[in-house]
There are 2 protein chains.
Amino acid sequence: MNAKGPSPQKSEVRPPKAEVRSIADLARIAGVSVSTISRALTGKGTLNEKTRERVRALADEHGFRLNVAAQNLRLGRTGAIGVLLPLGHDRGQHLSDPFFSAMLGHLADELAEHGYDLLMSRVLPGRANWLDDFVRSGRTDGVIVIGQSNQGAVLDAVGRHYRNLVVWGAHGTDLPYLTVGTDNVAGGALAAEHLLARGRRRLAFFGNVEAPEFAAREQGFLAALPPDLRAQVEIVPIQLTPESSFAAASAYFAAGNRPDGVFAASDIIGMSIVSAAAEQGIVVPEAMSVVGFDDILLARIATPPLTTVRQDIAEGARRLVALLLQRIAGADVASVLLEPRLVERGSS
Amino acid sequence: MNAKGPSPQKSEVRPPKAEVRSIADLARIAGVSVSTISRALTGKGTLNEKTRERVRALADEHGFRLNVAAQNLRLGRTGAIGVLLPLGHDRGQHLSDPFFSAMLGHLADELAEHGYDLLMSRVLPGRANWLDDFVRSGRTDGVIVIGQSNQGAVLDAVGRHYRNLVVWGAHGTDLPYLTVGTDNVAGGALAAEHLLARGRRRLAFFGNVEAPEFAAREQGFLAALPPDLRAQVEIVPIQLTPESSFAAASAYFAAGNRPDGVFAASDIIGMSIVSAAAEQGIVVPEAMSVVGFDDILLARIATPPLTTVRQDIAEGARRLVALLLQRIAGADVASVLLEPRLVERGSS
DNA sequence: GACCTCTCGGCAAACGATTGCAAGGCCAAA
DNA sequence: TTTGGCCTTGCAATCGTTTGCCGAGAGGTC
């Protein structure tokens, strides 16, 4: 149990001396009024430096911290930002995709840096009011939705009367809410150009085009192909979970389909394809090139390492938070479109 | 933008009629007192059914929802559970492991099912008081810590005076806090037995033994080996991130080491090893068997699919939440130890 | 018609903080 | 000694709910 890494530094963790639950309790002990305590602990207002020090020491001694809930109620804010993941018809579906969890991690860091808590909520299916309900409950000062999924209508409706809403996803025209997202059309084009440059001609696209993000990737992919090839591209509808995408890919190859170049709408789908292909004796990259999308951390340690269209998740998270906080502050801000980048690895 | 999947069902999302911010506003409009509004909307207390319906309709009409913050303040609770991930000296480190994100997703579901929000917080390194501070701020009704990491001392100190604390991790004796975790020693033994059964004799363990979870896996692994083999096992210290584990594995193989059986302390490490081995021309599973730990979703779609010691994450999340809520309710509960299971796949 | 019993809904005090306003203390200048 | 000004700190209202207590009617019975 000996700490070897980051070890305890500042002060010791110690048990409280007496039960001090509110500033009123502390005021009694200190022999001052509650306002003095408040001013001492928040640092707001003017107060004699000695008094402030004395109160702070006393608070420390009793292990007292201001109650954030009460503070927030009084200040008319919550100090928390909601992060919502729509489309969870399968438990764990979205979070199973490392892209989402990476995004979540970066959002947590970024929000923490700005003093906000991150209130996470998976959205259960079927409730049309999920977003409206969440917003109205007043639990957070703003909302970040990761992925438009097929919930465009809901986002539109809420975005029209609720301003503190930022969505990760495709950049539509005239959306009533802010978006931050990768240029999926450009990303699809990158994949197409790369497969063409590798001499691939029998092409396939694997992805679920119900979601606007994926639809844009497909569209960009097709648009960048010469017309004769474009007409022959096979579109394989596929779900996001590893199991179902693996199963679909297996079935596809087992049916005798033999494309020589595949663009997968996500890295997870890409890895499923590689794995399914291997089982059918199709060797990647010799017999078939596979290009993914996202550049999740695991893409590098896949076997073979996955060529992919990289989205800068960290930058995305930074922009999402920045935009939202500016909007909360009342600033006038615009949506952001990030440029994707092709990362060539062993799978193509 | 046409919704195809779960489509809007119940009521329409609509803008509010007038500015109704508090039950006082609504009371004025309805011509009743605030208590009546409260009773109508919460369903608590007795109220004429007709009045209740009338108030509810009016609230709906104006898009009014009770302010959760105020409600919680009054009720002396927060309605939120904190989920903390310690040891984040590398941004995104822990969340990059699908194990953590899967756990997080299941926790979110499980908590939502019990009416709690999930307040997520990555813990920044170096602050010895991180947990104490968080607990004292009163932002949540309870805390779930995912992974003991090297923070045993901190957990001990806080656990002694704060009861609503549950930790995912190793099951120590006489810990002052509740734990839910897999029997890591048994898991290590499963891996050892499996490698022995495959006829492997030149064994290696890859993992970071600073964390008690991993140390227990190593210990169980070693204990299950015959003494002569045990003495020859190579212990390769390795970090959790994909990049660093891949780099370490690469260096290890490049140095000419050629074990024929490897036990990796996590699936991510296992996949890194397979990938690094492939680069050096070591064929898995023919020349070397690899066994991972966790059974993350991706283990199935790895190439080759990864043999691994499965932890039941969903069950773990369920137990974590159940234990915490029982404890919050004042019940007397005990820590839980889950049995791991070996899942044989192509990598061994 | 008087009295009792219910049922319904209003009053007001909490929950734990923040903050505008003003009172009191202190010091220096007159 | 008086007065004015500044610095420090206290008073009390407020944020939006919940809920114990109690009064006012309604309805029933004799």
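For the counts in the first legend, Ala, Val, Leu, Ile, Met, Phe, Trp, Tyr, Cys and Pro are classed as nonpolar, Asp, Glu, Lys and Arg as charged, and the others, Gly among them, as polar. The model shown is predicted: local features need pLDDT of at least 70, side-chain atom pairs count only at pLDDT 80 or more, and totals for chains, interfaces and linings use all residues. Residues are numbered from 1 along each chain as its sequence is written, chains are lettered from A and ligands numbered from 1 in the order in which they are written, and side-chain values use heavy atoms, with hydrogens and water left out.

**View 1. The protein surface near DNA strand D.** A residue is near the strand if one of its heavy atoms lies within 4 Å of it. The residues of this surface comprise eight nonpolar, 12 polar and seven charged. Of the 27 residues around DNA strand D, those that come nearest are A:Thr36, A:Arg74, B:Ser38, B:Gln71 and B:Arg74. At least two residues each are supplied by α2 (34-42) and α4 (68-75) of chain A and by α2 (34-42) and α4 (68-75) of chain B; helices are DSSP runs of H or I with at least four residues, strands are runs of E with at least two, and both are numbered from the N terminus. Of the atoms of DNA strand D within 4 Å of the protein, 60% belong to sugar or phosphate and the rest to bases.

**View 2. Side chains of chain A at phosphate oxygens of DNA strand D.** For A:Ser33 the corresponding distance is 2.7 Å, and for A:Thr51 it is 2.7 Å.

View 3. In β5 (residues 178-182), five of five residues are buried, that is, under 20% relative accessible area with a 1.4 Å probe and protein chains only. In a regular strand the side chains alternate between the two faces of the sheet. A:Leu178, A:Val180 and A:Thr182 lie on one side of β5(A), and A:Thr179 and A:Gly181 on the other. Strand β4 (residues 165-168) of chain A runs parallel to β5(A) and is joined to it by three bridges; A:Val167 has A:Thr179 as its bridge partner. Strand β11 (residues 336-338) of chain A also pairs with β5(A) in the parallel sense, over three bridges, with A:Gly181 opposite A:Leu337. Pairing requires that DSSP find at least two bridges between two strands.

View 4. A:Gly159 counts as buried because its relative accessibility is 7%. Beyond its neighbours within four places in sequence, A:Gly159 is in contact (heavy atoms within 4.5 Å) with A:Leu165, A:Pro176 and A:Tyr177.

Terms used
Buried < 20%, exposed > 50% of the residue type's maximum accessible area, 1.4 Å probe, protein only. Polar contact = N/O pair within 3.5 Å; in protein donor to acceptor, adjacent residues only side chain to side chain.
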